[in-house]
Amino acid sequence: MKLYYSPGACSLSPHIVLNEGGFRFDKERVDLASKKTETGADYAAINPDGYVPALLLDDGQVLTEGPAIIQYLADRVPEKKLAPPLGTLERYRLMQWLNFISTELHKGFSPLFNPQAPEEWKAVAAAQLGRRLGTVSRQLEGKDWLLGEGFTVADAYLFTVLGWGRHVGIELEQWPVLQAYQGRVSMRPAVQSALKAEGLLQDT
(Lines give C-alpha, C1' and ligand atoms only; values in the text may rest on other atoms or scores of the structure.)
Protein backbone atom coordinates (compact mmCIF):
# COMPACT_ATOMS: atom_id res chain seq x y z
CA MET A 1 0.00 0.00 0.00
CA LYS A 2 0.99 3.62 -0.39
CA LEU A 3 -0.12 6.54 1.78
CA TYR A 4 -0.31 9.99 0.21
CA TYR A 5 0.24 12.52 2.97
CA SER A 6 1.15 16.07 3.88
CA PRO A 7 3.14 16.60 7.10
CA GLY A 8 0.93 17.26 10.10
CA ALA A 9 -2.28 17.20 8.09
CA CYS A 10 -5.13 14.79 8.83
CA SER A 11 -3.15 12.15 6.91
CA LEU A 12 -1.07 11.80 10.08
CA SER A 13 -3.93 9.75 11.51
CA PRO A 14 -3.73 6.86 8.97
CA HIS A 15 0.06 7.13 9.10
CA ILE A 16 -0.12 6.37 12.82
CA VAL A 17 -2.59 3.53 12.24
CA LEU A 18 -0.41 1.99 9.55
CA ASN A 19 2.43 1.93 12.08
CA GLU A 20 0.23 0.64 14.90
CA GLY A 21 -1.04 -2.16 12.66
CA GLY A 22 2.44 -3.24 11.63
CA PHE A 23 1.70 -2.75 7.93
CA ARG A 24 4.35 -2.62 5.24
CA PHE A 25 3.66 0.48 3.20
CA ASP A 26 5.18 3.23 1.12
CA LYS A 27 4.41 6.90 1.56
CA GLU A 28 4.50 9.82 -0.84
CA ARG A 29 4.40 13.44 0.22
CA VAL A 30 1.90 15.78 -1.44
CA ASP A 31 2.34 19.51 -1.96
CA LEU A 32 -1.21 20.68 -1.32
CA ALA A 33 -0.61 24.03 -3.01
CA SER A 34 0.69 22.68 -6.33
CA LYS A 35 -1.21 19.36 -6.13
CA LYS A 36 2.00 17.57 -7.05
CA THR A 37 3.57 14.66 -5.21
CA GLU A 38 7.23 14.45 -4.34
CA THR A 39 7.81 12.31 -7.44
CA GLY A 40 6.15 14.92 -9.67
CA ALA A 41 2.89 13.02 -10.10
CA ASP A 42 -0.39 14.90 -10.52
CA TYR A 43 -2.17 14.31 -7.24
CA ALA A 44 -5.51 15.31 -8.74
CA ALA A 45 -5.30 12.12 -10.80
CA ILE A 46 -5.11 10.15 -7.54
CA ASN A 47 -7.67 12.12 -5.54
CA PRO A 48 -9.67 14.58 -7.66
CA ASP A 49 -10.62 16.54 -4.54
CA GLY A 50 -6.95 17.36 -4.07
CA TYR A 51 -6.67 16.82 -0.33
CA VAL A 52 -5.01 14.13 1.77
CA PRO A 53 -5.08 11.38 2.83
CA ALA A 54 -5.40 8.87 0.05
CA LEU A 55 -4.42 5.23 0.36
CA LEU A 56 -3.41 3.31 -2.71
CA LEU A 57 -4.37 -0.31 -2.10
CA ASP A 58 -2.48 -3.36 -3.26
CA ASP A 59 -5.00 -4.01 -6.03
CA GLY A 60 -4.66 -0.49 -7.43
CA GLN A 61 -7.84 0.96 -5.96
CA VAL A 62 -7.67 4.23 -4.05
CA LEU A 63 -9.43 4.82 -0.74
CA THR A 64 -9.94 8.38 0.51
CA GLU A 65 -11.36 10.07 3.62
CA GLY A 66 -9.42 9.53 6.82
CA PRO A 67 -12.16 7.92 8.95
CA ALA A 68 -12.86 5.36 6.22
CA ILE A 69 -9.16 4.61 5.72
CA ILE A 70 -8.40 4.04 9.40
CA GLN A 71 -11.40 1.72 9.87
CA TYR A 72 -10.38 -0.22 6.79
CA LEU A 73 -6.89 -0.64 8.20
CA ALA A 74 -8.17 -1.64 11.64
CA ASP A 75 -10.35 -4.35 10.10
CA ARG A 76 -7.35 -5.74 8.25
CA VAL A 77 -5.60 -6.50 11.56
CA PRO A 78 -8.36 -7.39 14.05
CA GLU A 79 -5.83 -8.94 16.40
CA LYS A 80 -4.43 -5.44 17.07
CA LYS A 81 -7.81 -4.34 18.46
CA LEU A 82 -7.57 -0.91 16.83
CA ALA A 83 -11.36 -0.95 16.42
CA PRO A 84 -14.10 -2.93 18.14
CA PRO A 85 -15.59 -5.79 16.11
CA LEU A 86 -18.14 -4.96 13.44
CA GLY A 87 -21.73 -5.17 14.62
CA THR A 88 -21.00 -4.43 18.28
CA LEU A 89 -22.29 -1.38 20.11
CA GLU A 90 -18.71 -0.40 20.83
CA ARG A 91 -18.04 -0.23 17.09
CA TYR A 92 -20.84 2.30 16.79
CA ARG A 93 -19.31 4.22 19.68
CA LEU A 94 -16.13 4.36 17.62
CA MET A 95 -18.10 5.66 14.63
CA GLN A 96 -19.75 8.19 16.91
CA TRP A 97 -16.35 9.54 17.93
CA LEU A 98 -15.00 9.53 14.38
CA ASN A 99 -17.99 11.53 13.21
CA PHE A 100 -17.67 13.98 16.08
CA ILE A 101 -13.95 14.50 15.49
CA SER A 102 -14.50 14.91 11.76
CA THR A 103 -17.43 17.31 11.83
CA GLU A 104 -17.11 19.18 15.11
CA LEU A 105 -13.33 19.37 15.58
CA HIS A 106 -11.61 18.83 12.24
CA LYS A 107 -13.95 21.13 10.31
CA GLY A 108 -14.08 23.46 13.28
CA PHE A 109 -10.42 24.28 12.72
CA SER A 110 -10.92 25.12 9.03
CA PRO A 111 -11.82 28.82 9.45
CA LEU A 112 -8.83 29.34 11.73
CA PHE A 113 -6.45 28.20 8.99
CA ASN A 114 -8.19 30.22 6.28
CA PRO A 115 -6.27 33.47 5.61
CA GLN A 116 -9.34 34.96 3.93
CA ALA A 117 -11.67 34.31 6.86
CA PRO A 118 -12.76 37.53 8.64
CA GLU A 119 -11.48 37.88 12.19
CA GLU A 120 -15.06 37.99 13.48
CA TRP A 121 -15.72 34.60 11.89
CA LYS A 122 -12.52 33.19 13.37
CA ALA A 123 -13.51 34.39 16.83
CA VAL A 124 -16.89 32.68 16.58
CA ALA A 125 -15.27 29.49 15.22
CA ALA A 126 -12.66 29.48 18.01
CA ALA A 127 -15.33 29.85 20.68
CA GLN A 128 -17.38 27.01 19.21
CA LEU A 129 -14.29 24.84 18.94
CA GLY A 130 -13.47 25.56 22.56
CA ARG A 131 -16.88 24.32 23.63
CA ARG A 132 -16.42 21.12 21.62
CA LEU A 133 -12.98 20.55 23.13
CA GLY A 134 -14.52 20.97 26.54
CA THR A 135 -16.95 18.20 25.67
CA VAL A 136 -14.09 15.88 24.74
CA SER A 137 -12.24 16.77 27.92
CA ARG A 138 -15.23 15.83 30.05
CA GLN A 139 -15.67 12.55 28.17
CA LEU A 140 -12.02 11.65 28.74
CA GLU A 141 -12.00 12.27 32.48
CA GLY A 142 -10.87 9.11 34.25
CA LYS A 143 -10.02 7.33 30.99
CA ASP A 144 -6.79 6.78 29.14
CA TRP A 145 -8.42 6.42 25.71
CA LEU A 146 -11.62 7.54 24.02
CA LEU A 147 -13.23 4.10 24.19
CA GLY A 148 -11.88 3.33 27.62
CA GLU A 149 -9.27 0.63 28.04
CA GLY A 150 -7.51 0.35 24.68
CA PHE A 151 -6.03 2.68 22.07
CA THR A 152 -8.13 2.76 18.88
CA VAL A 153 -8.07 4.51 15.54
CA ALA A 154 -10.24 7.26 17.05
CA ASP A 155 -7.34 8.15 19.33
CA ALA A 156 -5.03 8.49 16.33
CA TYR A 157 -7.50 10.91 14.73
CA LEU A 158 -8.12 12.94 17.88
CA PHE A 159 -4.38 13.22 18.54
CA THR A 160 -3.84 14.54 15.02
CA VAL A 161 -6.55 17.18 15.26
CA LEU A 162 -5.59 18.32 18.77
CA GLY A 163 -2.08 18.97 17.47
CA TRP A 164 -3.36 21.77 15.26
CA GLY A 165 -4.33 23.93 18.22
CA ARG A 166 -0.87 25.33 18.81
CA HIS A 167 -0.78 26.70 15.24
CA VAL A 168 -3.90 28.81 15.70
CA GLY A 169 -3.60 29.95 19.30
CA ILE A 170 -5.73 27.28 20.94
CA GLU A 171 -3.56 25.94 23.74
CA LEU A 172 -4.44 22.69 25.48
CA GLU A 173 -3.28 24.01 28.85
CA GLN A 174 -6.83 25.21 29.47
CA TRP A 175 -7.94 21.56 29.33
CA PRO A 176 -5.46 19.61 31.50
CA VAL A 177 -7.21 16.32 30.67
CA LEU A 178 -6.63 16.89 26.95
CA GLN A 179 -3.06 18.00 27.54
CA ALA A 180 -2.30 14.82 29.49
CA TYR A 181 -4.07 12.72 26.85
CA GLN A 182 -2.04 14.31 24.06
CA GLY A 183 1.16 13.60 25.92
CA ARG A 184 0.11 10.00 26.50
CA VAL A 185 -0.61 9.38 22.83
CA SER A 186 2.59 11.11 21.73
CA MET A 187 4.71 8.60 23.63
CA ARG A 188 3.45 5.58 21.69
CA PRO A 189 6.24 4.18 19.47
CA ALA A 190 3.97 4.13 16.40
CA VAL A 191 3.14 7.79 16.92
CA GLN A 192 6.77 8.75 17.46
CA SER A 193 7.73 6.94 14.27
CA ALA A 194 5.05 8.73 12.23
CA LEU A 195 6.00 12.12 13.63
CA LYS A 196 9.67 11.57 12.84
CA ALA A 197 8.92 10.31 9.33
CA GLU A 198 6.91 13.47 8.61
CA GLY A 199 9.61 15.74 9.99
CA LEU A 200 7.48 16.80 12.96
CA LEU A 201 9.78 15.35 15.63
CA GLN A 202 13.52 15.37 15.70
CA ASP A 203 15.58 12.35 16.68
CA THR A 204 17.21 12.77 20.07
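Colleague: What makes Trp-145 buried or exposed?

Modeller: Trp-145 has a relative accessible area of 9%. Buried means under 20% relative accessible area, exposed means over 50%, and partly exposed lies in between, with a 1.4 Å probe and protein chains only. Trp-145 is therefore buried. This is a predicted model, in which local features need pLDDT of at least 70 and side-chain atom pairs count only at pLDDT 80 or more, while totals for chains, interfaces and linings use all residues. Residues are numbered from 1 along each chain as its sequence is written, and side-chain values use heavy atoms, with hydrogens and water left out.

Colleague: Why is the pair of Trp-145 and Tyr-181 called edge-to-face?

Modeller: The centres are 6.4 Å apart and the planes stand at 70°. Rings of Phe, Tyr and Trp (its six-membered ring) pair if their centres lie within 6.5 Å; planes under 30 degrees apart count as stacked, over 60 as edge-to-face and the rest as tilted. Tyr-181 is buried, at 0% relative accessibility.

Colleague: What charge sits over the face of Trp-145?

Modeller: Arg-188 lies over this face, at 5.4 Å from the ring centre. The rule requires NZ of Lys or CZ of Arg within 6 Å of the ring centre and within 35 degrees of the ring normal. The charged end of Arg-188 also sits over the ring of Phe-151, 4.0 Å from its centre.

Colleague: How many aromatic pairs are found in the whole structure?

Modeller: The search finds seven aromatic pairs. Among them, Trp-97 and Phe-100 have ring centres 5.8 Å apart and planes at 85°, so this pair is edge-to-face. Trp-97 and Phe-100 are three residues apart in helix α3, and are thus separated by about one helical turn. Trp-97 is buried at 10%, and Phe-100 is buried at 19%. Ring pairs also link Phe-109, Phe-113 and Trp-164 into a cluster.

Colleague: Why is the contact of Glu-28 with Lys-2 called a salt bridge?

Modeller: The closest N and O atoms are 2.9 Å apart. A salt bridge needs a side-chain nitrogen of Lys or Arg within 4 Å of a carboxyl oxygen of Asp or Glu, so the contact qualifies. Glu-28 lies in strand β2 (residues 26-31) and Lys-2 in strand β1 (residues 2-5), so the pair ties together parts that are 26 residues apart in sequence. Glu-28 is buried, with a relative accessible area of 5%, whereas Lys-2 is partly exposed at 21%.

Colleague: How many salt bridges does this rule give?

Modeller: The count comes to six. One of these joins Arg-132 and Glu-104 at 2.8 Å, N to O. Arg-132 belongs to helix α4 (residues 119-140) and Glu-104 to helix α3 (residues 89-113), 28 residues apart. Both partners count as partly exposed: Arg-132 at 23% and Glu-104 at 28%.

Key. Helix = DSSP H or I, 4+ residues; strand = E, 2+ residues; numbered from the N terminus.
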